[in-house]
Amino acid sequence: MPGTLSRTTVGIVGAGPAGLMTSHLLARAGIDSVVVDHRTRAEIAGTQRAGILEAGSARLLTDTGVSDRVRREGRPHAGITLRFGGESHRVDFHALVGENVWLYPQTDVFADLAAARERDGGDVRYGVTGTRVTDLATDRPGILFTDAEGVAREVRCAVLVGADGSRGVCRAAVPEAARTHFSRTYPFAWFGVLVQAPPSADELVYTHSARGFALVSRRTESVQRLYFQCDPDEDPAAWGDDRIWAELQARVRGADGFALAEGPVLDRSVLRFRSFVCEPPRHGNMLLAGDAAHTVPPTGAKGLNLALSDARLLAETVERALATRDFGHLDAYGPRALRRAWRAQHFSYRMTTLLHRLPDASPFDERRQLAELSVLVGSEAASAHLAEGYTGLLR
Ligand code: PHB
């Protein structure tokens, strides 16, 4: 049964960073939008995701008036540590390429975007059910859903944005013959923990070890975010605090005596990941953004940055199409978004394969990885290339 009908210029499915940033940027250009999400605002706010913003992403938040909280509460990181063979090697982004990144978790980016949309009178409907998209290849695509009060709704728009993540309804609504998927799975996952403990390092520590990858990140002065490579089928419940700490310490241990400050584990989960791209990220008047269009392994922390960069490209493209009344301009979105997405794929794949241990790795494979790591930190050109990729200069 059709629901209560309304119109907007841009209908957006998904109130994560890609959807909310698109809505925010469109509003600044005087273009109205409606955003729907099946999750409640509290559910999205409580989802743990990665924590690094490229300098350009931080600028996008501050310069477009979302919030300047990233500058006040985020931490600028001028480099990272690569740890292998039991020794730490710093890669100084600032000295190499004049850029830094910001430690500012996705939960904060979401909170800022949601508050900015609320402040500016944006129309965001959280907690809707039964979302469907329809008439994508026409000039009046629509979103059908039941709102949080139980009222059936139909929103018709000129352009529809699918920003509803890797398992959302938007990409799935594109006929299979009209999309090509490129993907790669990995035979490992990340065991992620939040711990109540003081920081163990000033910057992120990406560790290669014979037992597999580990990453030391942080959230606040008293809460740290740590990860270690695990089997995709690992059961988080099988890991008590002692076992988690023993594994983490074994991976970072070295002759230099580096050790992690320990404390109670507040949260534990297994994060599976893959590399994925959908081409084209468009069907008719529906454009896909963020994880709906592509996902990257978390090793390079590119997912959130890609989502924000899609939003910027998408808002620019839609603005031009509407200003000129020429929807041919929508053609520009796919190639631009894909160029950026594939560069991030390459970077994330490289970081992932450089640092993780394959379950069937031979001694040759391990020695080769260690040689690559030593070239990376030993050659200024190689370090600068890593710094460009990590800080987002290779857009
Ligand atoms: C995080 O802090 O959650 C984080 C940081 C860097 C990564 C991945 C995750 O590469």
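How many residues of domain 1 are in contact with residues of domain 2? To answer that, let us first get our bearings. What you see above is a predicted model, and its protein chain is divided into two parts. Domain 1 is pieced together from residues 4-51, 105-184 and 275-350, while domain 2 is made of residues 185-273 and 358-391. The C-alpha centres of the two domains lie 31 Å apart. Where the domains meet, 16 residues of domain 1 are in contact with 17 residues of domain 2, and that is the answer to our opening question.

Now turn to the ligand. In total, 16 residues surround the ligand. The closest of them are Tyr 206, Ser 217, Arg 219, Tyr 227 and Thr 299. Sorted by class, the shell has nine nonpolar, four polar and three charged residues.

Let us zoom in on some individual atoms. One oxygen-to-side-chain distance involves Tyr 227, where an N or O atom of the side chain is 2.5 Å from an oxygen atom of the ligand. The backbone takes part as well: a polar backbone atom of Pro 298 is 3.0 Å from a ligand oxygen, and a backbone N or O atom of Ala 301 lies 3.5 Å from an oxygen of the ligand. How much of the ligand's accessible area does the protein cover? On its own the ligand has 280 Å² of accessible area, and the protein covers 100% of it.

Next, let us visit a loop. Gly 127 lies between strand S9 (123-125) and strand S10 (129-134). Leaving aside residues up to four places away in sequence, Gly 127 touches Asp 37, His 38, Arg 39, Thr 40 and Ala 148. For another sense of scale, look for Ala 18: this residue is 109 residues from Gly 127 along the chain, and their C-alpha atoms are separated by 18 Å.

Our last stop is helix H3, which spans residues 55-63. Which of its residues are buried? They are Ala 55, Ser 57, Ala 58, Leu 60, Leu 61 and Thr 62. Just after H3 comes Gly 65, with a positive phi of about 80°.

How values were computed. Residues numbered from 1 in each chain as written. Predicted model: local features only at pLDDT ≥ 70, side-chain atom pairs only at ≥ 80, totals over all residues. Heavy atoms only, no water. Near = heavy atom within 4 Å. Polar contact = N/O pair within 3.5 Å; in protein donor to acceptor, adjacent residues only side chain to side chain. Areas by Shrake-Rupley, 256 points an atom, 1.4 Å probe, with all protein chains shown as cover. Nonpolar A, V, L, I, M, F, W, Y, C, P; charged D, E, K, R; others polar. Helix = DSSP H or I, 4+ residues; strand = E, 2+ residues; numbered from the N terminus. Contact = heavy atoms within 4.5 Å. Buried < 20%, exposed > 50% of the residue type's maximum accessible area, 1.4 Å probe, protein only. Domains from an automatic or database assignment.
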